[in-house]
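Morning, everyone. Please bring up the sequence and the structure.

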Amino acid sequence: MVSALVEPRPARRKWRLPVTLLVGLAITGVILVLAILAPVIAPYPFDGMNILTRLKPPSAAHWFGTDDFGRDVLSRTLIGARLSLLMGFGATFISFAIGVPLGLLSGYASRTVDEMIMRAMDVLMSFPPILLGLLILTVTPPSIWKAMVAVGIVYVPAIVRLTRSVTLEIAQEEFIQAARARDDDLLYILFREILPNAWPPLIVEAGLRVTFAILLGAAFSFLGMGAQPPSSDWGLMISDARPYLEAAPWVALAPGLAMSLTVIGINLLGDGLRMALDPRLQAGKSG
Amino acid sequence: MSIDPLLRVESLCVSYASLNGNVPALRDVSFSVARGEALALVGESGSGKSTVALAILGLLGSEATVGGGRILYAGADLARLPAEELGRLRGNRLSTVFQDPFATLNPSMPIGMQVAEPLMRHKAMPRQEALARAVAALAEVGLSRPAELAKAYPHQLSGGMQQRVLIASALICEPDLIILDEPTTALDVTIEAQILDLLDTLRRRRNLAMLFITHNLGVVNRICDRTCVLYAGSVLEEGPKDLTLHRPLHPYTQGLLRAVPQLGPRRRARLRPIPGHLPEAGMLPKGCVFHPRCSHALGECREDEQLLRPLEGGMVRCWRADSLPRAEDGGATAVDAHAAPTRNVLLDVQDLRKTYALGRKIRFGGPHLVRVERSEVRAVDGVSLTIRAGEVLGLAGESGSGKSTLGRCLVRLIQTSGGMIRFDGEDVTDAGGAALHEFRRDVQIVFQNPASSLNPRRRVGATIGRSLDLLGNIPRQDRQPRIDALLEAVGLPAHFANRFPHQLSGGERQRVSIARALASNPKFIVCDEPVSALDVSVQATVLNLLADLRDRLQLAYLFISHDLSAVAHIADRIAVMYAGAICEEGPTDAVLSRPNHPYTEALLSAVPTVNDATKEDSRIRLRDGANASSHTPTGCRFHPRCPRKIGPICEQKVPPVVSPSEGHWISCHLPVEELSLPAADVKNREMA
């Protein structure tokens with residue numbers, strides 16, 4: 001080997017993870033672990049009723065108190081995390097799986113294709129979300145996975161629009177013209193040239209969407225179209241606790257706080273991922 | 001010069017905070033500007049010239065720290081002035097014009113108010129009076145119908161007009177000093193020439209001091225008295241303009257001057273670039289900052305940093321300044337052996353058209369009561385040209401003339417609206433499928449913007465490799481060696497294949513773009529402003545690379561540029577484009593000398609050059625062509641701006657083609673004999 005050929009590699013930066021990402025990862029991680037282990041660590045069965053301990057405030061026996069059926073709120077919150085998170089991530093996955101390809105196509109392909117996709121999205125958006133979900137759900141008997149699909153479809157237009165606007169911008173870049181000049185195919189340009197550059201805003205959006213999906217999922221549960229009682233879901237728990245807000249606020253507070261913490265954690269995770277994934281932001285940081 | 005200069009910067013040191021610690025941006029920068037004097041602050045990107053302007057204006061961000069030195073304005077230390085005093089100074093005694101007029105003007109405020117604002121703020125002038133003064137100021141900067149203009153909004157004005165407005169706004173409080181940060185870089189040459197004229201007049205009229213920040217040495221020659229050359233945050237040379245531009249003291253200045261392509265007849269020659277590139281921020285070499293790139297460097301240059309010391313009426317920071325060879329020589333060297341263009345026509349374009357629909361308007365009234373009007377822009381309007389194998393056709397013209405559209409039509413990135421493109425004898429105008437794939441192999445394109453022409457998320461090797469996979473036609477085991485060979489062909493080491501674009505400099509990225517274009521062994525490459533975004537010294541290396549590749553691989557180029565000097569340097573023939581059509585075409589030497597189309601004549605006259613000694617009155621200045629492209633005038637396209645317009649014939653009849661010599665044609669109503677005379681002579685004769 002000639003010494004001149006030894007690569008003077010561009011000084012590799014130490015892989016610094018943004019603090020945001022670490023905090024987000026920690027919060028989301030803990031919640032995920034708790035949700036997975038819920039049946040094991042829950043102190044009481046989530047549906048174990050006890051008329052004698054109705055609406056008891058937090059105590060050593062019941063850390064988060066009990067609800068109107070005397071069920072342990074902590075256990076219900078832990079178990080509820082499973083359905084809520086499943087709803088949040090599952091629905092977001094569905095809306096991205098449908099929305100991102102459509103958005104890419106809409107932003108890059110011919111005007112006719114763009115018009116067709118966008119007008120279809122307009123139709124979808126013109127339904128109020130709850131109504132659209134109900135439309136999908138009422139045809140068949142309700143179940144949690146159908147609610148997930150419904151929530152996913154409700155959020156498709158938002159994902160399509162976002163992806164499209166990012167794509168429109170990237171499509172103007174000269175490297176896309178260069179890809180056309182080498183006669184590259186449509187799918188390669190969409191998924192290999194444009195998509196990697198479109199991820200940062202999409203990831204942040206995904207964080208937001210997960211939290212919206214949890215909330216909308218809770219709304220469907222409340223309407224009796226999602227999680228079915230007596231199974232536990234944060235949205236369902238808050239709805240059930242509504243009549244006792246003044247007498248026993250802890251019943252609503254526990255799932256509410258859990259939901260807020262999840263929302264914050266997932267949002268931080270999204271922001272952190274964006275920072276870590278974008279090489280330009282990495283470069284900008286260390287000048 | 002007077003004893004007490006208006007502005008004096010003494011040993012200014014500024015550094016920026018970054019993760020790697022404090023990175024020095026300015027180191028011991030000293031200069032002064034006397035009353036009524038114009039000092040040019042010259043430097044390439046990253047030299048720190050804009051930091052100087054920001055430091056004087058007190059606009060350095062929070063990440064910057066002033067490590068030492070003073071800035072004195074009329075004897076007062078700006079750092080010690082109380083904030084309100086400073087506020088009274090800025091925009092009042094001391095004003096500024098930035099590079100991008102569109103970004104500087106407030107889009108939602110009428111022009112008049114923006115010009116009047118400083119008066120109301122600094123002089124506490126009542127609104128009506130200030131507005132009246134603003135109208136007068138707009139008139140002074142050469143804007144016609146100032147009263148109407150004062151009510152207009154920025155988007156209604158062309159770039160040149162916007163820059164005039166900014167100058168009017170900067171001058172309205174009658175400052176003593178005006179700081180101009182690349183004020184003409186975003187403008188076309190003809191507009192740039194007008195703005196420089198205007199600044200020159202205003203300076204004389206008002207005894208204004210100017211700190212003119214620029215990278216363009218031609219502009220320096222045109223407008224400044226003294227020059228201060230900045231490199232990597234240090235002043236390398238300072239002195240009177242003539243000294244710096246004609247007998248430069250520092251090897252860097254000498255190198256810069258050599259690297260600039262000249263508007264001269266030196267075909268197929270090579271420029272002499274400065275080797276290497278600017279040191280990265282925070283990685284300054286020991287000793288002289290320039291020594292790693294200096295061909296005269298000796299031991300002492302590597303060890304100690306020297307002070308700025310006087311020499312021959314200027315100041316220089318160089319150990320070897322006394323013993324340097326100072327013979328002034330031209331910019332380019334001839335190469336002995338080169339391949340001449342062949343006779344076989346490679347690309348033949350006939351009557352090419354591209355129109356863009358602007359939209360539809362519904363008009364009421366008329367015989368049909370309701371009428372839908374379609375408006376369109378004819379971006380390319382009947383262009384015919386031929387390019388032979390191994391030949392470089394230069395395409396010059398201002399922004400909006402349709403150059404890039406034409407280039408993209410030729411590589412079939414844009415579908416044409418009419419006309420025919422024949423490549424290698426085959427009609428490819430509407431080719432698709434396999435025929436288009438073959439065409440893509442033979443015809444490639446290099447883009448302007450090094451920041452956007454490479455996918456930021458893919459390594460260089462992957463970018464080049466993809467072109468090889470699609471168009472290269474090579475067996476799998478040859479792929480990696482071929483990527484290495486392509487990188488080597490553009491002068492980059494093979495390990496660059498592992499880099500991401502953001503780890504490359506602008507010039508290196510442009511080389512990668514060229515390597516990508518070469519992957520399919522093309523015969524013809526459209527170079528769309530390939531050097532416009534690059535610094536002078538880097539520009540020279542890329543131009544040389546293109547010339548070398550042309551000779552080695554028998555490539556033909558369409559070289560598109562707004563920079564006539566760059567076009568003249570590399571092209572065998574030049575076509576000049578105006579408003580979608582070619583108005584003159586011919587061999588480079590013929591186009592660069594008389595007779596010319598009046599537009600070419602104006603362009604040539606407008607280019608600021610280092611050796612320009614033209615007299616004031618023989619310069620040709622074009623009127624501002626506001627929105628020249630939105631509607632094509634009848635007759636000759638150029639008549640609304642033509643300084644040689646004959647009369648109604650120019651407005652009514654499409655001009656005939658006259659041919660002064662073999663292969664050189666001009667589209668103009670004037671006879672060749674008339675076009676051979678300088679415009680000034682014609683004017684004088686008419687007056688006599």
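Start at B:L518. Is this residue buried or exposed? B:L518 is buried, because 21 other C-beta atoms lie within 10 Å of its own, and the cut-off for buried is 20 or more. Keep in mind that this is a predicted model.

Where does B:L518 sit? It is found in helix α17 of chain B, which covers residues 506–518. Which residues does it touch, once we leave aside neighbours within four places in sequence? B:L518 is in contact with B:L486 and B:A489. Now pick B:G46. That residue is 472 residues away from B:L518 along the chain, and their C-alpha atoms are separated by 30 Å.

Next, strand β21 of chain B, residues 524–528. How many of its residues are buried? The count is 5 of the 5, so the strand is largely enclosed by the rest of the structure. Look at the two faces. On one side you have B:F524, B:V526 and B:D528. On the other you have B:I525 and B:C527. Both faces are covered, and these residues are all buried.

Who are the partners of β21(B)? One is β20(B), which runs parallel to β21(B) and is joined to it by 4 bridges. There, B:I445 has B:V526 as its bridge partner. Another is strand β22 of chain B, residues 556–561, again parallel, with 5 bridges. Here B:V526 stands opposite B:L558. And how do we get from β21(B) to β22(B)? Helix α18 of chain B, residues 536–553, makes a right-handed β-α-β unit with these two strands.

Now zoom out to the sheet. It is an open sheet of 8 strands in chain B, with mixed pairing. Read the order with me: β20-β21-β22-β17-β23-β24-β26-β25. From one strand to the next, the twist averages 20°. Which strands stand at the edges? They are β20 (443–446) and β25 (657–661) of chain B. Each has a single partner strand, so one side of each is left without a neighbour in the sheet.

Strand β24 of chain B, residues 581–587, is joined by 2 bridges to strand β26 of chain B, residues 664–667. In that pair, B:E584 stands opposite B:I666.

Over to chain A. What is it built from? Chain A has 11 helices and 0 strands. Its C-alpha trace spans about 80 × 55 × 30 Å along the principal axes. It has 287 residues, and 41% of them count as buried. Now take contacts between residues at least 6 apart in sequence. Of those in chain A, 72% join residues at least 24 apart.

One helix pair to finish. Two packed helices are described by the angle between their axes and the distance between the axes. Take helix α2 of chain A, residues 73–108, and helix α8 of chain A, residues 186–222. They pack at an angle of about 145°, with their axes 8 Å apart. The crossing is right-handed. Which residues meet? From α2(A), they include A:F89, A:F96 and A:Y108. From α8(A), they include A:I189, A:L202 and A:R209. The residues of this contact divide into 17 nonpolar, 6 polar and 1 charged.

That is my tour. Questions, please.

Technical notes: Residues are numbered from 1 along each chain as its sequence is written. Chains are lettered from A and ligands numbered from 1 in the order in which they are written. This is a predicted model: local features need pLDDT of at least 70, side-chain atom pairs count only at pLDDT 80 or more; totals for chains, interfaces and linings use all residues. Two strands pair if DSSP finds at least two bridges between them. Axes are lines fitted to C-alpha atoms, for helices over the stretch in contact, and angles run from 0 to 180 degrees between N-to-C directions. A crossing is left-handed if the near helix is turned anticlockwise from the far one by less than a right angle, and right-handed if clockwise. Two residues are in contact if their C-beta atoms, placed from the backbone, lie within 7 Å. Ala, Val, Leu, Ile, Met, Phe, Trp, Tyr, Cys and Pro count as nonpolar, Asp, Glu, Lys and Arg as charged, and the others, Gly among them, as polar. A residue is buried if 20 or more other C-beta atoms lie within 10 Å of its own, exposed if 12 or fewer, and partly exposed in between; C-beta atoms are placed from the backbone. A crossover is right-handed if, with the strands pointing away from the viewer, the path from the first strand over the helix to the second runs clockwise.
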